[in-house]
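Please view the sequence and model first.

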Amino acid sequence: MPLDIATAAAVLRERGHTVSLWDRRVEVAPPDGPAVDGLILVTAIADRAQCYPLDIGPIREAARSAKELHPGAWIVACGPHATQLPEATLRELAVDHVSRGEVDAAAVFAAEVLLERGNSPIPAVLDRSASSSGFDLGELPVPAFDLLPLQHYKAEVFDGTRLHRGPSGMIFAARGCTYGCTFCHLPFGTRMRTRPVSRVLAEVDALTDLGVKSAFFLDYVFGINPRFYGEVCAGLRHRDLTWTGQTRTEIVLKTDVREWADAGCRGMWLGAESPAVAVTGVNKRVTQDDVSEALAKLEAAGIQPFAFIIIGLPGDPACLTGSIVDWVAELPAKFGINQLFLRPGTTLYDELAPRYLDGRMPTTWDEVKQVTDTYRRDYPVDLDDLEKRLLALPNNLGNGWTTHE
């Protein structure tokens, strides 16, 4: 679910603007309606912002289609691409403007600047951080869920204890992550910003009123603030919602996760990454034993453990020897897998990118992609082969899915 886009739409509507949404991933035709003044193109939704795509070909095609549909409208791009390489994004997408910052705030800022400009010239790169205009998380309205085709958004959900893939909403109670893994892009920064619990629960009620019975908490570190999340869970206990979230191993180890289960939690994702992640120099000091203990603790509370796995971390001995496959096979968890990508906006990218581009930093998205392609090609083992072995494991989340509407 494009939650940040629905939030921007709600803010703009609240301020008197008429808004429609088109999610090209799930809807072939654009929404009907009158001619528009402008279009906002979001290059990666909040759920993808940590691991946004480096291939901007599909985004370029979306921009081209938007121009053909609305030839007289301005078009502005928001998202991690606009934030990290604004000039390259402006040029390569051939849009009129890019707007930097968190997607929902950047979208609203850009729309209002462009709608109210009159005859004043507007810079091609807009940056709301230079303006006093911004979001107070305590005053954000309920996202415009009514503008979204809710039936199309699916995730891991539960029918009793049975896991399947079905319709799922999304909730964002707190933004930010105080941890500093060097491979992770943090679009909301390292400072935790919580929303009022009453407004979080109002969003839950809005989803359930629309028939949504399961949701994913997008918070990057669910439970990191015990008092805040304790109040959220207390409110959820009285609502007809089952949910999944994501958090850190360290948080699980110091939390009574039965509180989560009592509040409707049926699944929780952990960044397990690799049994040797602590020795790869990416500032994640979680041991193999820590991960095993956290997964067992979740399972004992009746919460299905899920594990994020990354292959290709620098010098990872578990990848170099192939032992990561045996380790993952023994995990008491379903897992999802990603190969490491070097993304602008991460410390690891800053450290390694020049090494794979003749000593200089990329200035185009093609060069950014070239950096990761070269990194993978130079990796001492075949990462594609390693990925195939992992994907074949029975506890891979993609194996054995059933889909229910």
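The sections below go from basis to sheet, helices, a loop residue and charged pairs.

## Basis

The model is predicted: local features need pLDDT of at least 70, side-chain atom pairs count only at pLDDT 80 or more, and totals for chains, interfaces and linings use all residues. Residues are numbered from 1 along each chain as its sequence is written, and side-chain values use heavy atoms, with hydrogens and water left out.

Helices (H or I, at least four residues) and strands (E, at least two) are DSSP runs numbered from the N terminus.

## The sheet

Six strands form an open sheet with parallel pairing, in the order β7-β10-β11-β12-β13-β14; two strands pair if DSSP finds at least two bridges between them. From one strand to the next the twist averages 25°.

Within this sheet, β12 (residues 265-273) and β13 (residues 304-311) are joined in the parallel sense over six bridges. W269 has F306 of β13 as its bridge partner. Helix α6 packs on the sheet and touches β7 and β10 (214-217), its direction making about 175° with that of β7. Angles run from 0 to 180 degrees between N-to-C directions, and axes are lines fitted to C-alpha atoms, for helices over the stretch in contact.

## Helices α6 and α7

The contact (heavy atoms within 4.5 Å) involves V197, V200, L201 and V204 of α6, and F228, E231, V232, G235 and L236 of α7.

## G312

G312 is in the loop between β13 and α11 (317-321). G312 counts as buried because its relative accessibility is 0%, buried meaning under 20% relative accessible area with a 1.4 Å probe, protein chains only. Beyond its neighbours within four places in sequence, G312 contacts C319, L340, Y375, Y379 and L383.

## Salt bridges

There are 21 salt bridges in the structure, each a side-chain nitrogen of Lys or Arg within 4 Å of a carboxyl oxygen of Asp or Glu. E102 and R193 form one at 2.6 Å, N to O. E102 lies in the loop between β3 (97-100) and α5 (103-115) and R193 in strand β9 (residues 193-194), so the pair ties together parts 91 residues apart in sequence. Both residues are buried.

K284 pairs with E273, with 2.8 Å between the closest N and O atoms. K284 is in the loop between β12 and α10 (288-300), and E273 is in strand β12, eleven residues apart. Shared partners join E102, D104, R175 and R193 into one salt-bridge network.

Methods:
Buried means under 20% relative accessible area, exposed over 50%, partly exposed in between (1.4 Å probe, protein chains only).
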